[in-house]
Amino acid sequence: MAQARWRARLIAGRVAEAHGCTAGMEWTEGYPSVANDPALTKRAEDIIVARFGTERIQSIGAIMPGEDSSYFKEGRPGFFVELSARNPALGCDLPHHNPRRRMDEGALIFGLQYQFNLVRALLEGTRDFEGTVR
């Protein structure tokens, strides 16, 4: 993070200097990044595939923004799942954080079923909540 802060100050300063100005910058740390636990993520993906099929998985890879859910998993394994509730036929196709965004509430049953299956698998002893394989 220190290097990013240094580079941002350097770039802002040089751009301002090129235009005969000066630049000041206030750096505010945001939410921590979400780092998915590989083993738990694989288990969750397996549950989604078993219940809904491989076509229902879309890995988004690494992204830069932090997420408030990162605080929920501090000090323990976890992962982030995004339930797609996009349905252009119903006018539900705007991105997150858009004030006119609507979600297809019919997608909620998929999220509920997935969470039920995940909790059931964890409680059946295939893996406990601390990440220890039994």
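1. A word on terms before we start: the radius of gyration here is taken over C-alpha atoms, and the globule rule is 2.2 Å times the number of residues to the power 0.38. For a compact globule of 134 residues that rule gives a radius near 14 Å, but this chain has 21 Å. Bear in mind that we're looking at a predicted model.

2. The C-alpha atoms fill a box of roughly 65 × 45 × 20 Å along the principal axes. Buried residues make up 18% of the 134 in the chain. The accessible surface comes to about 10500 Å², with 55% of that belonging to carbon and sulfur atoms.

3. On secondary structure, you'll find three helices and zero strands, so the pattern along the sequence, by DSSP runs, reads α-α-α.

4. Start with α1, residues 2-18. Just after α1, Gly 20 takes a positive phi of about 75°.

5. Now for the largest nonpolar core, which has nine residues: Leu 40, Ala 44, Ile 47, Ile 48, Phe 52, Tyr 114, Leu 118, Ala 121 and Leu 122. Both α2 (38-52) and α3 (108-126) supply at least two residues of this core, and α2 gives the most, with five.

6. Take a look at Ile 48, one of those core residues. Leaving out residues up to four places away in sequence, Ile 48 touches Gly 53, Arg 56, Ile 57 and Tyr 114.

7. Finally, contacts: of those with a separation of 6 or more, 58% are between residues 24 or more positions apart.

Technical notes. Residues numbered from 1 in each chain as written. Predicted model: local features only at pLDDT ≥ 70, side-chain atom pairs only at ≥ 80, totals over all residues. Heavy atoms only, no water. Core = buried A, V, L, I, M, F, W, Y, C linked by side-chain atoms within 4.5 Å. Buried < 20%, exposed > 50% of the residue type's maximum accessible area, 1.4 Å probe, protein only. Helix = DSSP H or I, 4+ residues; strand = E, 2+ residues; numbered from the N terminus. Contact = heavy atoms within 4.5 Å. Areas by Shrake-Rupley, 256 points an atom, 1.4 Å probe, with all protein chains shown as cover.
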